Amino acid sequence: NGNNAPHFTDIVRLAMGESGYPKRTTAGGGRYFYDNDDWEWPDSVNATWEFSDRKFITWECVSCVSNNPYMGCNTGGMVYGLEGAVLFRANCTSAMFDASGKLVKEWNGTSVATGEDLAKTMSFGSMDVAHLGNFVRCIREGSVNTASPVEEAVKSVAMTHYANMAQLGGGDVIANSKTGAIVSATQEAKMLWSREYAPGWEMC
């Protein structure tokens, strides 16, 4: 989905040092939990993004499950490396594990956050106020110094858009890893890439 996923795909991209767009996106899922209401968006989706430098990210969306299915978390991100892994939780805490799975270190985002706490990993509550405040202030001041540079944020948001296209379009989405432009996708997916805009409001 395009709601919670961008928060943690953004954090994971940053942790991985990934600067490009994914070259291939695969996704599957649907409206599996409830089928008799008017919610149109999928509630269950698994998406995988492959990058050009032998890295990939997988996101599991289980919107209607209220338990904490992975390491006591209901959302978050885990980055795996050759010598260990780091878990980023939704409550601004993180944990580092060695290659054997042993906990090596834990830390709280509030201890390293500065200013308006815009460095925290929490995707709700006071973070919404801080980020929206930063966004509005940049508009008022004519500044491009947003907490999340748009050239990076757009890549994380594009990832969830690719996943929605792949899931709803019924096939992989292949993109240019440098520009993000669609290289190959089903016709149904391409129809979701853009829409008609009123004159003067066209996307650049």
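Helices (H or I, at least four residues) and strands (E, at least two) are DSSP runs, numbered from the N terminus. With that in hand, here are the views.

View 1. Starting at the N terminus, the order of elements is α-β-β-β-β-β-β-β-α-α-β-β-α. Of the 204 residues, 35% are buried (under 20% relative accessible area; exposed is over 50% and partly exposed lies in between, with a 1.4 Å probe and protein chains only). The accessible surface is about 12900 Å², and carbon and sulfur atoms account for 55% of that surface (Shrake-Rupley method, 1.4 Å probe; for residues, only the protein chains shown count as cover). Taking contacts between residues at least 6 apart in sequence, 46% join residues at least 24 apart, where a contact means heavy atoms within 4.5 Å. As this is a predicted model, local features need pLDDT of at least 70 and side-chain atom pairs count only at pLDDT 80 or more, while totals for chains, interfaces and linings use all residues. Residues are numbered from 1 along each chain as its sequence is written, and side-chain values use heavy atoms, leaving out hydrogens and water.

View 2. Side chains of opposite charge can pair when their charged atoms come close. A salt bridge here is a side-chain nitrogen of Lys or Arg within 4 Å of a carboxyl oxygen of Asp or Glu, and the count by this rule is 8. Asp 10 is partly exposed at 26% relative accessibility, whereas Arg 13 is buried, with a relative accessible area of 2%.

**View 3. Arg 13 and Glu 152 meet in a salt bridge.** Here the N to O distance is 2.7 Å. This pair links distant parts of the chain, with Arg 13 in helix H1 and Glu 152 in helix H3 (residues 150-169), 139 residues apart. Glu 152 is partly exposed, at 27% relative accessibility.

**View 4. Within helix H3, Glu 152 also pairs with Lys 155.** Their salt bridge spans 3.5 Å, N to O. The two residues are 3 apart in helix H3, about one turn of the helix. Lys 155 counts as buried, with 12% relative accessibility.

**View 5. The linked set: Asp 10, Arg 13, Glu 152 and Lys 155.** Put together, these four residues form a network of salt bridges.
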